[in-house]
Amino acid sequence: MPIDYDKIVEGRRRNWESLKPEEIREQEREAQRERLRKEREEKGKEGFFARRQRLKDEAAAEDRKRFRRSLRQSVVMVGGLLLIAGVYLGITHLIQQQREAALRRSLEEVQALVANGTIVLNTTTPVQAFGTWRSAWKRGDVPTMVKMLSPRYINKATDTKSVADLMQEYERLYREGRLEPVREITLDFETAVAVRVPLPPYRNEELALFKSGEVTKFQEKGPPKQYIVALSYNRADKQWYFADVREAKYFSVKWYMEAMIRPMRIGPGATIYTEEGNPIQDSPLRMRPQSRGNQREGRPPPVTLK
């Protein structure tokens with residue numbers, strides 16, 4: 001009676017592999033060879049170009065996966081950077097607004113003191129020095145006027161004269177009413193605004209700029225005028241001093257150091273500046289090179305010493 005091999009394997013759990021009849025093993029080996037042959041035929045049918053295309057498609061699919069992954073990471077990174085930048089800009093803007101508000105309050109306070117006739121004698125900050133300058137001229141305090149002149153300004157204004165001589169000259173001119181035009185200009189700064197007020201620590205001869213409101217003189221023709229006063233910091237004694245005052249159109253707000261202040265000329269050959277501080281070169285006379293003699297003209301002081 002023939003042995004039913006499948007039933008024996010199904011009924012008992014033993015290692016029947018070694019008990020397989022030889023013909024069954026041969027059949028299994030033949031089936032394995034046939035399967036491998038068919039796989040080789042299938043691969044052979046694919047061909048070189050088909051395999052290359054398949055590999056390219058697989059590589060492209062992998063690249064797309066990597067790209068999508070990198071894109072997600074980039075979006076997260078850029079979003080984080082934008083968030084940080086937004087927070088930083090917001091904080092910076094808030095600090096700037098607070099500083100401007102504090103500056104306006106300080107300027108309003110010192111202007112109120114000057115308007116009430118209170119003596120202001122403080123040159124440790126730009127705003128206080130501005131109030132001291134206006135207070136001295138409003139009260140006719142000649143010694144304070146001269147003491148507020150910057151060292152560089154005094155060197156150009158005195159020439160061979162001493163500071164004592166300069167003081168006497170100012171007092172004489174004030175008594176004669178020769179300083180009244182300058183005094184009127186200082187009074188025009190009642191509604192002044194800060195154009196440039198640097199943050200500490202201040203550099204030596206760094207400028208602080210204040211601009212007056214628009215002023216219309218009854219005896220003068222033409223559009224309203226505005227003036228700019230420049231104060232300079234002296235690092236040696238940590239005080240602010242007067243550096244220059246002139247009509248705004250003759251002063252460049254881009255000048256941030258006292259040494260940058262150019263001599264003022266009036267008339268057809270004068271250089272006029274825009275509100276942004278850029279020179280206007282629309283006049284043939286301004287475009288024409290200056291003579292050597294004109295180039296040597298010094299910056300005049302706020303008063304003419306005669």
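What percentage of the 306 residues of the protein count as buried? And within the largest nonpolar core, which residues touch the most other members?

Tutor: This is a predicted model, in which local features need pLDDT of at least 70 and side-chain atom pairs count only at pLDDT 80 or more, while totals for chains, interfaces and linings use all residues. Residues are numbered from 1 along each chain as its sequence is written, and side-chain values use heavy atoms, with hydrogens and water left out.

Of the 306 residues, 30% count as buried, where buried means under 20% relative accessible area, exposed means over 50%, and partly exposed lies in between (1.4 Å probe, protein chains only). The protein has 10 helices and six strands; these are DSSP runs, H or I of at least four residues for helices and E of at least two for strands, numbered from the N terminus.

In soluble globular proteins, nonpolar side chains tend to be buried together. A nonpolar core here is a set of buried Ala, Val, Leu, Ile, Met, Phe, Trp, Tyr and Cys residues joined through side-chain atoms within 4.5 Å. The largest one has 38 residues, and F130, W133, F210 and V229 touch the most other members. At least two residues each are supplied by α3 (48-115), α4, α5 (142-147), α6 (151-158), α7 (163-175), β2, β3 and β4, and the largest share, six residues, comes from α4. Apart from this core lies another, of 10 residues, including L207, L209, A248 and F251.

L149 sits in the loop between α5 and α6, and its relative accessible area of 6% makes it buried. Not counting residues up to four places away in sequence, L149 touches I154, L166, Y170, Y241 and F242. Across the whole protein, residues 24 or more positions apart account for 48% of the contacts with a separation of 6 or more.

Helix α4 also packs against another helix. The axes of α4 (residues 126-139) and α8 (residues 180-187) come within 9 Å and cross at roughly 135°, the axes being lines fitted to C-alpha atoms over the stretch in contact, with angles from 0 to 180 degrees between N-to-C directions. That makes α4 oblique to α8, because angles under 35 degrees count as roughly parallel, over 145 as roughly antiparallel, 65 to 115 as roughly perpendicular and the rest as oblique. In this pairing W133, R134, W137 and K138 of α4 meet V182, R183, T186 and L187 of α8. By class, the contact has four nonpolar, one polar and three charged residues, where Ala, Val, Leu, Ile, Met, Phe, Trp, Tyr, Cys and Pro count as nonpolar, Asp, Glu, Lys and Arg as charged, and the others, Gly among them, as polar. W133, then, is both one of the residues touching the most other core members and one of those that meet α8.

Terms used: Contact = heavy atoms within 4.5 Å.
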